[in-house]
Amino acid sequence: MEHDEVDDRLAARLAELRAERRWSLGDLADRSGISRSTLSRAERAEISPTASLLNRLCAVYERTMSQLLSEVEAEPAQLVRAPEQAVWTDAASGFVRRSVSPPHAGLRGELVEGRLEPGADVAYDRPPVPGIEQHIWVLDGGLELTVQGETHTLGAGDCLRFRLWGPTRFRCVGDQAVRYALVVIAR
């Protein structure tokens with residue numbers, strides 16, 4: 001799926017989620033801490049939302065980022081071939097996210113490949129769903145991951161697993177990109 005097509009579908013889905021709740025832009029701004037103008041531009045696909053902005057909206061709408069992104073993709077198949085895996089890029093932060101195994105009805109887990117360019121630093125102020133289980137396995141490079149105030153430095157082959165209740169921060173350490181697998185298990 002083309003990136004622009006994903007952005008257009010994502011914008012439409014964000015507008016639908018707000019409309020389903022009968023919230024004004026002001027209501028959503030109050031709940032998310034995001035300005036009305038930014039929300040309006042995101043819903044009209046005038047801007048491509050950052051990872052941080054999407055995380056805030058996911059928290060308000062009580063869904064993971066993968067769940068939200070899967071809602072804008074075609075019906076998921078059992079076999080997800082590499083060229084069919086949705087890729088989303090947050091150029092502002094140097095973050096690339098590949099949905100390797102997107103959420104699927106009847107399955108609780110999903111698999112995401114993350115890539116952060118050297119110096120990239122992405123912070124989330126809250127989990128998309130409080131208490132969500134995550135497992136992060138570093139494939140290449142170095143990752144500094146702060147989970148609820150505790151910082152862990154992970155190298156290739158290291159795995160950190162946790163239930164997420166508070167803020168997180170992902171930072172690429174070193175002079176090469178970090179690539180990691182993220183397993184998310186919904187309750």
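**A strand and its partners**

Author: In this predicted model, strands E6 and E9 pair in the antiparallel sense over 6 bridges. Within that pairing, leucine 143 stands opposite cysteine 172 in E9. E6, which spans residues 142-147, also pairs with strand E7, residues 150-154, again in the antiparallel sense, here over 5 bridges. On this side leucine 143 stands opposite leucine 154 in E7. E6 and E7 form a hairpin with 2 residues between the strands, and in it glutamine 148 takes a positive phi near 50°.

Strand E6 is mostly covered, since 6 of its 6 residues are buried. Gly142, Glu144 and Thr146 point one way from the strand, while Leu143, Leu145 and Val147 point the other way.

E9, the partner of E6 over 6 bridges, leads on to another feature. Strand E9 (168-173) supplies at least two residues of the lining of the largest cavity, as do, among others, helix H5 (65-71) and strand E2 (95-101). E10 gives the most to this lining, with 3 residues. The largest cavity has a volume of about 280 Å³, and the structure holds 2 cavities of 30 Å³ or more. Its lining comprises 21 residues, of which Asn55, Met65, Tyr124, Gln134 and Leu182 lie nearest the centre of the cavity. By class, 12 residues of the lining are nonpolar, 6 polar and 3 charged.

Definitions and conventions:
Residues numbered from 1 in each chain as written. Predicted model: local features only at pLDDT ≥ 70, side-chain atom pairs only at ≥ 80, totals over all residues. Heavy atoms only, no water. 1 Å grid on protein atoms, 1.4 Å probe; cavity = no way out; pocket = protein on both sides within 12 Å on 5 of 7 lines; lining within 4 Å. Points joined across faces, edges and corners; volume = space filled by probe spheres on them. Helix = DSSP H or I, 4+ residues; strand = E, 2+ residues; numbered from the N terminus. Nonpolar A, V, L, I, M, F, W, Y, C, P; charged D, E, K, R; others polar. Buried < 20%, exposed > 50% of the residue type's maximum accessible area, 1.4 Å probe, protein only. Pairing = 2+ DSSP bridges.
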